[in-house]
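Dear colleague,

Please find the sequence and structure below for your review. My notes on what was found follow directly after them.

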Amino acid sequence: MKRFILLLFVILLSVGKLAADEGMWLPVLIKDRIPDMQKNGFKLTAEDLYSINRASLKDAIVHFGSGCTGELISAKGLIITNHHCGFSQIQSHSSVENDYLRDGFWAMSMSDELPNNGLSVRFLIRMEDVTDKILGSYSSDMTEEQRVKLISDNSNVIMKAATANTHYQARVESLYYGNQYFLFVYETFNDVRLVGAPPSSIGKFGGDTDNWMWPRHTGDFSLFRIYAGKDNKPAGYSKDNVPYTPKKYFTISVKGVEEGDFTLVYGYPGRTQKYLHSQAVRYITEKSNPHKINLRTLRLNIQNEEMAKSQEVRIKYASKNASVSNSWKKWQGESKGIERLKTIESKIQFEKEFNEWAKDKPEYSGVIERLDKLYRELELYAFATDYHNEAITSNEIIRLAGNINTAVKRNSKMTPAVSAANIKSILDGFYKDYYLPIDKKSFAAIVDQYSKNIPAEMQPQLFKDMILKKGSVAEITECLYSSTVLASEEKAYRFIEAGVTENSFENDPAFKLYNAFNDNFINNIKPRFDEINSELNLLYRTYMRGQMEFNKTGVFYPDANSTLRITYGAVKGYKPSDAVYYKHLSTLEGIMEKDNPNIYDYNIPQKLRDVYAKKDFGRWEVNGTVPVCFIATNHTSGGNSGSPVINADGELVGINFDRVWEGTMSDIAYDLQMCRNISLDIRYVLFVIDKVAGASHLIEEMKIAEIR
C-alpha cells in the first residue's frame, strides 16, 4: 500500500503539467486543477463546482436515463438535455394522430406534462476515494480470485455503510484499471415528465448527413421536469407529486461566447480508452470498425428506404435508426483520425521505450510482449463477438425470441396464465415499433455477411446444416419469416392465450435459431473471450502503474466510466484540411441556407421560415441573426450528451451534444488541433422556445443573467 500511495503522488505531480484541453477530471479532486483553470479565465472556486457542505454546481446536474447528462434550469425542477437523449420518450408519446417527432410537443401547463415509464435521473450526492478501505488488507501473496473477493466484500461493506438509513444508492467504481477505487453515492428520481421538445426538423436538423459534422445547425434540446413527493424526496409516479425543488440550478447567460473564451463541460462521459496497447487500437481501426460499419450500412440503407415510404414506419423506426446511425458514423471518423495521427505507430514507439526501461524491473518486464500475444489470440474471438452483436442479436425477430426465452425460464414456476401475461407485455412493447419488411431484409443482408466472414468452425451447427439444406441465407430468411409465429402479431398473441411453458416454442424456427446462435456464443466463444480479457485486465493493472512510473510527466487521468467528470478548454475554430478553416460559431443563416422542403432532414417548420422572413428574433438577436451552435476544445465523449457548457462565471451558455467528425478518435487519442466538442448555443434554445413554440412561460421560470 505504501507503494500505491507513492504512485498516486506521482499522478498528482504529473497532472499539473497537462494542457487545459485534454482530460476528464473527478470533481472531488478538481482543486488540483483550479490554478490552471483560473489561469485560463475561470472565476469560480473548487467549492463552487463540488461541495458536500453546501450547494454547488454538481447539485444542478443529473445523470439522465443512465446514458446522457441533463441540468436543472429552474427552481421548479425543469431539466434541459439533448433532443436525442429524450428521443425515445418523445417517440413513445407519438402516433400518426399526434406526431410529436414531426410537430414537436410543448406542455402549456404542468398538467399537460407527460410521464415517462422507466425514465429516471440521478444526482451525485458525494464521491470519495476508498482505495485504502478496498485494498488495505490486500497482500501480494493473494491469488487474483482472492483479490476479487476482497474487493467485492469490502465494496459491499462500504456501499451498505454509505446508504444506511437513507434512500440513496451507492456504487464503488474502479479507476486506472483497478489501481484506484472511488465510492459514488446517488439520489434517484423516477417521476420525470416530458415538458417540451422542438420538431425533429429543429431538434434533429440535418439528420444523419450532419451528424458528427461541423458546421452544425441542430437545435438538439428537449425539456423535462423532475417530480417528487411532498417532502421533496423521490417517489413513484403519482398525480399528487409536485415539482422537485433543487439545491442548485443554473443561471443562464445570454452574453454568448467568443473565440478564446473559457468553457467547462460538466457531465457523465461514457467510455474512453486512452491507455490501450497498440494491438488493441490496430484491431479497432483495421478490422472491427470496418466490418461493423459495413453491417450497419446495410441496415441503414434498408431502414431509410422503408422509412421514406411511410410516416407510420418513420415514427416506429426513428429512434432505432438514430441509434444505428450514431456509432456507424462515429466509427468512420474514429478510424480516419487514428490513421491521421499515426496513433498505432506512436503507441508502438512508446511500448519500445517502455520495454527498454522495464528490462531491469521484474514487475514490468515482459508486460508489453504478453499484451501483444494476448491481443493476437483475442482477435478471433473478438471478431466473432462483434458479428454476434452486430449481425445476429441485432435482428429484431431473433432478439424477441431471446427475450421471450429468458422470460419463460424466469416464469417457469408461475402458472401458464401468469406466464402468458408476462409474455404479452413483451409482445406489446415489441410490435408497437416493429415493421416486418425491414427486419426481414436486414436479416437476409447481415446474416449473409456473418456466414461469409465468420470461420465455419465458429458458426453453430444448426446454421451450417440449414445453409447446406437451403443453399443460401436468402432461403433461410424466407423459411424463417414464413414459419415463425413471431412474424405475425395476431398469431403471436393467439399462440400465447392458452398459457406458456418452456416447451411452447421449442419447434418455432426463430427460437431454434436464437438458441443455436446463443448456445454457440455462450459455449464456444464467450468463455475464451472473457478469459483472455480477464488476463488482459490483470496485465493492464500492472501496465498502468508502469506507465505512470515510466512517464512521470505524462497525461494521466482516469478513463471515463459514466461517472461525473469536469473537462475544460476554450472556444476555438479548427482547420480540418488544407485551405479550409471552420469558425467557432454557426447561425440561423446557415439553417436557412440548408432549408429544403423536399428533404426530410432539412425541411424546417414553416413557423421558423415565417419568423425568419419577418426577422422577428426578439431579445435573442445578435448582429441581425441568432447564434445556433459553437465549438470548443473540451474533451468529451458519449454520455456527455446534454452536459451543461459553462462560462468563466459558472453560467450556462450551451448544451453539449456532439463532437466534430475529424476528432471522434478522442476516446482513444486526443488531438488539440482537431478535437472539438459541439454545443448548442443557449440563445438558440431560448429563441425556439419563445418565437417558434410560443412557450415563453418556460423562459419565465429560468434565471437569466443580465449582460455585463
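The largest cavity is lined by Lys-58, Asp-59, Phe-123, Leu-124, Ile-125, Glu-187, Tyr-244 and Lys-247. Here a cavity is a set of points, on a 1 Å grid over the protein atoms alone, where a 1.4 Å probe fits but cannot get out, and lining residues have an atom within 4 Å of a point. This is a predicted model, in which local features need pLDDT of at least 70 and side-chain atom pairs count only at pLDDT 80 or more, while totals for chains, interfaces and linings use all residues. Residues are numbered from 1 along each chain as its sequence is written, and side-chain values use heavy atoms, with hydrogens and water left out.

About 50 Å³ of space lies in the largest cavity, a volume being the space filled by probe spheres set on grid points joined across faces, edges and corners. The structure holds three cavities of 30 Å³ or more. Strand 6 (residues 121-129) gives the most to the lining of the largest cavity, namely three residues. Strands (E, at least two residues) and helices (H or I, at least four) are DSSP runs numbered from the N terminus. By class, this lining has four nonpolar, no polar and four charged residues; nonpolar covers Ala, Val, Leu, Ile, Met, Phe, Trp, Tyr, Cys and Pro, charged covers Asp, Glu, Lys and Arg, and the others, Gly among them, are polar.

Helix 23 (residues 682-692) is largely enclosed by the rest of the structure, because ten of its eleven residues are buried, that is, under 20% relative accessible area with a 1.4 Å probe and protein chains only. Among the buried residues are Arg-683 and Lys-691. Just after helix 23, Gly-694 takes a positive phi of about 65°.

The largest nonpolar core has 83 residues, and Leu-49, Leu-264, Tyr-266, Tyr-684, Phe-687 and Ile-689 have the most contacts inside it. Helix 23 gives the most to this core, with eight residues. Such a core is a set of buried Ala, Val, Leu, Ile, Met, Phe, Trp, Tyr and Cys residues joined through side-chain atoms within 4.5 Å. Apart from this core lies another, of 78 residues, including Val-447 and Cys-675.

Finally, Tyr-100 is found in helix 5 (residues 100-103) and is buried, at a relative accessible area of 18%. The C-alpha atoms of Tyr-100 and Ile-90 are separated by 6.5 Å.

With kind regards

Methods. On a 1 Å grid over the protein atoms alone, a cavity is a set of points where a 1.4 Å probe fits but cannot get out, and a pocket is an open set with protein on both sides within 12 Å along at least five of seven lines; lining residues have an atom within 4 Å of a point. Buried means under 20% relative accessible area, exposed over 50%, partly exposed in between (1.4 Å probe, protein chains only).
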